[in-house]
Amino acid sequence: MGSKVLVGAVIAAGTVYSALAGELPDVSEIARLAREDAAVPVAPGRHNISPFWNRYSVRFISVPAFDFKEIKGAACYRFTVLDAASKVHVYTEARPDEPLSKVWDTLPVGFTTVSVEALDKDNNVLQDCGVRKFYRAAVFNGQYPGPVRDYRESAKLALEYIFNKPQVQSWRTTGKPDHSYDLYCYPSKIIASIISGMIRYAQLVPEKRAEALEIACKSADYLISVSQAAGTPLEFMPPTYEGKARTAGTYAGQNMMIYPALAGVSYLELYQECGDRKYLEAALRIADTYCKLQLECGSWYLKLHEKDGSVVKPAFNEVPIGIAQGDISALSDKPNMCVPNEIIPFLQMAYKVSSRQNYRAAADRAVEYIRNNVQKSFDWSGQFEDMFPTRPYANLTMHSAADFALYLLGCENIDAADKDLLRTLLRFSEDQFVVWADPMPAVNLRSRDWKLPGALEQYAYYIPIGASASKMLGFYAAMHKRFGMPLDLAKAYALANAVTRGQHPETGRYYTYWENNWRSFDDEGWINCAVFDATMMLQFADYIEKLKR
């Protein structure tokens, strides 16, 4: 079984670029474009001008700039770079926060150390300005194996696997979540993905349409039934947590405000698919509550207590997932605000089906919140229901940056500033989270086992996740669709092909964890991730079919 998959991948690898004749330059040109792109700094920090977002970053594809101290009276600054091949590079710059551009393209992949010293006019050392060790990561080279099956067929098989799961089929008979699948403890996220996934499966497989929509409807009915009652502070909001599994017991009674929007989107999709207005009404009730709870700044508190609507503040006696040895130095004691990337498209979708202007106005205010806060600070922090809040920049993720970029890419008009921002967000997401080859060695990351190319999820969970690769696939494809740069399309193909290679060859299962070990194979994984993978693969299949016409 394994040998057949390997042979298929090898055959495809030799033909992937010839199959795209007219769409992409040859491999050597693609590699040159990638190196050229990696020479552009990503939102570089500048003393007293722009923030140093990379204070916790450990690896870079694009040339970085660091927060080395400025010294009064310094005539220049000497940079000493020790690369992974033990070669020393020495040069001077006028400022200590200059990017490492003079040597970046010459540095081999591997652990690298840079130190900076302030010099006087006679080149005497005034003071050390700092030392930074990091991993110089591999640049995209264009040479990756091709697909082992058609993209649309891949997505169809993955959705069929989900459809046939006993914990999914059980919705038809019980109308309730089967908690033998413990991730139903996150109902808004997981059940919303069941609804969306079954809608997509119904569209792909007409002969199973009735059964798939029955699952979708019963899942939605349950989620509506357990939502907050009318007249309560969070009325009509579906729960983030249920039961005691995972972190649900720890955060019982809390609602993470980004997740009701996922349920709202799934209700609207279900209404559009089956025409039952109760799902439209349920979605609009959620939108009304969002409008009621929106803050003056344009966002929402990240977590609220369902019983009284009060703000959840982090408790230092909790044991946060992803923080090494319970290191509370990275924790914040202030309530976090939503990065409302999930809420914005839901409110816009609600506006389109209802024409209620308050939904559109709320979405616009949320966009302005991101622009005035997250975009300016460049703090694209992760917000996950099973993760602990952290200080700014301590837990960055490509998902926050990519989601805002995908919103911008959906806008009718994009001005020059946003075009530059989009390219910066793409570079940031790739720089910090995409692994093309030679992952950073670390025992706790299990990087020897990684399936590549792939994409990492967040600093606090710095391992390759299928949905992260799919998010980047969608991001690259959307950028190519809007701006037509061949490098973006080449990278999208590389990740889409990786999705097919990582798929179980017989069952069609999309794995959550892109690792060749027990974690990938034995853990049932996150259904929402698999549904998202399938959605991105279907969208990419649609796009390349249009390109080839």
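Two strands pair if DSSP finds at least two bridges between them. The model is predicted.

**View 1. Strands S8, S9 and S10 form an open sheet.**
The three strands follow the order S8-S9-S10. Their pairing is antiparallel. S8 (434-435) and S10 (461-464) are the edge strands, and each pairs on one side only. S8 joins S9 (residues 454-458) over two bridges, in the antiparallel sense. Val434 has Ala455 in S9 as its bridge partner. Helix H12 (residues 416-433) lies across S8, S9 and S10. H12 runs at about 95° to S9.

**View 2. Strand S2 pairs with S4 and with S3.**
Strands of a sheet pair through backbone hydrogen bonds, either parallel or antiparallel. S2 covers residues 76-82, and S4 covers residues 110-119. These two strands are antiparallel and share seven bridges. Tyr77 has its bridge partner, Ala118, in S4. S3 spans residues 88-93 and pairs with S2 over six bridges, again in the antiparallel sense. Here Arg78 stands opposite Thr92 in S3. S2 and S3 form a hairpin, with five residues between them. In the turn, Ser86 has a positive phi of about 65°.

**View 3. Helices H5 and H6 pack at an angle of about 160°.**
Their axes lie 8 Å apart. Angles over 145 degrees count as roughly antiparallel, so H5 is roughly antiparallel to H6. The crossing of H5 and H6 is left-handed. On the H5 side, the contact includes Pro187, Ile191, Ile195, Met198 and Tyr201. On the H6 side, Arg209, Leu213, Ala216, Ser219 and Leu223 are among the residues met. By class, the contact of H5 with H6 has 16 nonpolar residues, two polar and one charged.

**View 4. Helix H5 also meets helix H16.**
H5 covers residues 187-204, and H16 covers residues 527-547. Their axes come within 9 Å and cross at roughly 35°. The crossing of H5 and H16 is left-handed. H5 contributes residues including Lys189, Ile190, Ser193, Gly197 and Arg200. From H16 come Ile527, Asn528, Val531, Thr535 and Leu538. The contact of H5 with H16 divides into six nonpolar, five polar and two charged residues.

**View 5. Helices H8 and H10 cross at roughly 50°.**
H10 spans residues 357-377, and its axis comes within 10 Å of that of H8. H8 and H10 are therefore oblique to each other. Their crossing is left-handed. Leu284, Ala287, Asp288 and Cys291 in H8 meet Asn358, Tyr359 and Ala362 in H10. Five of the residues in the contact of H8 with H10 are nonpolar, one is polar and one is charged.

The chain averages a pLDDT of 92, and 92% of the residues score at least 70. Over residues 1-19, pLDDT stays under 50. The model has 23 contacts beyond four places in sequence for this stretch. Over residues 316-331, pLDDT also stays under 50. For residues 316-331, the model has 26 such contacts beyond four places in sequence.

Conventions
Residues are numbered from 1 along each chain as its sequence is written. This is a predicted model: local features need pLDDT of at least 70, side-chain atom pairs count only at pLDDT 80 or more; totals for chains, interfaces and linings use all residues. Side-chain values use heavy atoms; hydrogens and water are left out. pLDDT is the predictor's confidence in each residue, from 0 to 100. Contact means heavy atoms within 4.5 Å. Axes are lines fitted to C-alpha atoms, for helices over the stretch in contact, and angles run from 0 to 180 degrees between N-to-C directions. Helices (H or I, at least four residues) and strands (E, at least two) are DSSP runs, numbered from the N terminus. Angles under 35 degrees count as roughly parallel, over 145 as roughly antiparallel, 65 to 115 as roughly perpendicular and the rest as oblique. A crossing is left-handed if the near helix is turned anticlockwise from the far one by less than a right angle, and right-handed if clockwise. Ala, Val, Leu, Ile, Met, Phe, Trp, Tyr, Cys and Pro count as nonpolar, Asp, Glu, Lys and Arg as charged, and the others, Gly among them, as polar.
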